[in-house]
Amino acid sequence: MKKVAIIGVGHVGSTTAYTLISKNIVDELVLFDPKKNIIEAELNDLMDGQMEQEHQVRLIAPDLAELADTDVIIFSAGDITIFEGNSDRFAELNLTKKIVEEWAPKIKASGFKGILLNITNPCDVITQYLQELTGLPQERVLGTGTSLDTGRMKHAVSQDLNIHPSTIDGFVVGEHGESQFVAWSSLKINDVPITDLLDSEKLTTLEQTARNGGWITFRGKGYTSYGIAIQAARIAEAFLTNHSLIVPVSHYHSAENCYVGSPATISKQGLIKSFPLHFSETEQIKWQQTIKKIYSMNSTI
């Protein structure tokens with residue numbers, strides 16, 4: 001039985017729950033949220049939403065005892081309204097670190113021994129804080145990192161070049177935030193380096209298009225949900241099966257002594273292997289800048 005718990009069922013958590021159910025990734029799903037009316041509503045709606053499915057997921061009301069045999073916790077607690085008129089990740093951190101401080105002892109006390117996947121922002125800093133406070137092994141506490149940002153980059157490139165996203169092999173790396181960047185020097189399209197196809201000016205334009213993608217969604221509907229939900233679901237699926245997945249998750253880098261997003265192999269054991277990227281000189285400078293940004297946020301906790 002594949003069992004997942006979601007902590008925080010707002011826009012992101014609820015969409016992730018539905019994605020897990022509709023893609024037949026889980027057998028049991030436990031939902032946690034401080035708003036009891038939201039829990040009741042989501043459990044009822046998700047049950048209605050799977051009525052025509054052959055595979056029926058057992059939906060479980062919040063009970064910390066359920067975490068003892070849960071395979072994966074998806075941590076998506078937060079408050080998107082913090083960004084109304086303020087896009088500062090530091091302001092968000094002041095709220096979300098308190099949520100971690102509330103939940104980490106509960107997770108630890110529950111006897112949870114599975115994999116903890118964090119979505120809550122600032123993703124890299126919160127993932128590290130969760131690992132420190134729960135005491136879980138670093139390879140079993142990961143964040144969605146730059147997986148969504150990589151998806152947005154592939155969206156921009158595929159639309160511009162009229163190609164299928166699956167032909168694009170490359171990653172956005174760094175902080176899940178403003179200091180992230182596309183590692184263009186190692187990105188390929190059908191095994192052809194993109195730097196052989198497009199000049200630096202065009203790549204800069206595409207990177208900005210990818211960055212703007214999230215803000216287009218946010219400004220239009222007040223939040224983003226589908227993109228991150230599909231990334232969280234595919235990462236959770238890798239944890240729940242023996243299939244390996246290479247994805248840019250936020251994970252601990254010993255050389256940098258912090259969590260940061262970059263490609264890694266994940267599977268049922270959690271983090272299997274981190275892939276060091278061979279940066280260009282310019283990209284190496286950007287990497288150091290993104291590490292400094294994560295340090296600056298870590299220092300405020």
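Trainee: The side chains of Lys293 and Glu175 meet in a salt bridge; how many residues apart in sequence are the parts that this pair ties together?
Mentor: This is a predicted model, in which local features need pLDDT of at least 70 and side-chain atom pairs count only at pLDDT 80 or more, while totals for chains, interfaces and linings use all residues. Residues are numbered from 1 along each chain as its sequence is written, and side-chain values use heavy atoms, with hydrogens and water left out. The N to O distance between Lys293 and Glu175 is 3.9 Å, and a salt bridge here is a side-chain nitrogen of Lys or Arg within 4 Å of a carboxyl oxygen of Asp or Glu. Lys293 lies in helix α8 (residues 281-298) and Glu175 in the loop between β8 (172-173) and β9 (181-182), so the parts they tie together are apart in sequence by 118 residues.

Trainee: Does Glu175 count as buried or exposed?
Mentor: Buried means under 20% relative accessible area and exposed over 50%, with partly exposed in between (1.4 Å probe, protein chains only). Lys293 has 25% relative accessibility and counts as partly exposed. Glu175 has 1% relative accessibility, so this residue counts as buried.

Trainee: Which residues are joined with Lys3 into one network?
Mentor: The link is made by salt bridges that share partners. In that network, Lys3 is joined with Glu66 and Asp69.

Trainee: Which residue forms a salt bridge with Lys202, and in which helix does this partner lie?
Mentor: The closest N and O atoms are 2.8 Å apart in the salt bridge between Lys202 and Asp160. Lys202 lies in helix α6 (residues 200-221), and the pair ties together parts that are 42 residues apart in sequence, because Asp160 lies in another listed element, helix α5. Lys202, at 28% relative accessibility, counts as partly exposed, and so does its partner at 37%, Asp160, which lies in helix α5.

Trainee: About how far apart along helix α5 are Arg152 and Asp149?
Mentor: The side chains of Arg152 and Asp149 meet in a salt bridge with an N to O distance of 4.0 Å, and Asp149 is buried, with a relative accessible area of 5%. Helices (H or I, at least four residues) and strands (E, at least two) are DSSP runs, numbered from the N terminus. Since both residues belong to helix α5 (residues 147-161) and are 3 residues apart, their separation is about one helical turn.

Trainee: Which residues of strand β1 point the other way from Lys3, Ala5 and Ile7?
Mentor: In a regular strand the side chains alternate between the two faces of the sheet. Strand β1 (residues 3-7) is mostly covered, with 5 of its 5 residues buried. Lys3, Ala5 and Ile7 point one way, and the residues that point the other way are Val4 and Ile6.

Trainee: What is the handedness of the crossover from β1 to β2?
Mentor: β1 and strand β2 (residues 28-32) pair in the parallel sense over 5 bridges, where two strands pair if DSSP finds at least two bridges between them. A crossover is right-handed if, with the strands pointing away from the viewer, the path from the first strand over the helix to the second runs clockwise. With β1 and β2 paired in the parallel sense, the chain crosses from β1 through helix α1 (residues 11-22) to β2, and this β-α-β crossover is right-handed.
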